[in-house]
Amino acid sequence: MAVPAHDQRDFEFAKKYNLEIKPVVQYNGEDVEKIIKTRAYVGTGILINSKEFNGLEVHAAQEKITEYLSSKKLGRFAFNYKIRDWIIS
């Protein structure tokens, strides 16, 4: 997903390669900077470090960001289904 502060696999990759880990979600005033020293923060909350989207709750921010990208013709809303092959033996 490329969000090392909020996805454990990305967090481990960023730690391994000494990449910057910048939190963008904060929950209930918690010190996210302290949390991400040891693990990814995967909870919901309010956006931080997100310019004009700061202060929005995660789900509301998803809609606003999608609208923003759509208006700039940089993205659009879509569903992605991950279908995996099954092996039956």
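The model is predicted, so local features need pLDDT of at least 70 and side-chain atom pairs count only at pLDDT 80 or more, while totals for chains, interfaces and linings use all residues. Residues are numbered from 1 along each chain as its sequence is written, and side-chain values use heavy atoms, leaving out hydrogens and water.

Helices (H or I, at least four residues) and strands (E, at least two) are DSSP runs, numbered from the N terminus. Helix α3 has 14 residues and reaches 20 Å from its first C-alpha to its last, close to the 20 Å expected at 1.5 Å a residue; the expected span is 1.5 Å times one less than the number of residues. Just after α3, Lys73 takes a positive phi of about 55°.

Rings of Phe, Tyr and Trp (its six-membered ring) pair if their centres lie within 6.5 Å; planes under 30 degrees apart count as stacked, over 60 as edge-to-face and the rest as tilted. The count comes to 3 aromatic pairs. Among them, Phe53 and Tyr68 have ring centres 5.8 Å apart and planes at 80°, so the pair is edge-to-face. Phe53 lies in the loop between β2 (46-47) and α3, and Tyr68 in helix α3, so the pair ties together parts 15 residues apart in sequence. Phe77 and Phe79 also form an edge-to-face pair, at 5.3 Å centre to centre and 80° between the planes.

Buried means under 20% relative accessible area, exposed over 50%, partly exposed in between (1.4 Å probe, protein chains only).

| Residue | Relative accessible area | Class |
|---|---|---|
| Phe53 | 13% | buried |
| Tyr68 | 35% | partly exposed |
| Phe77 | 59% | exposed |
| Phe79 | 61% | exposed |
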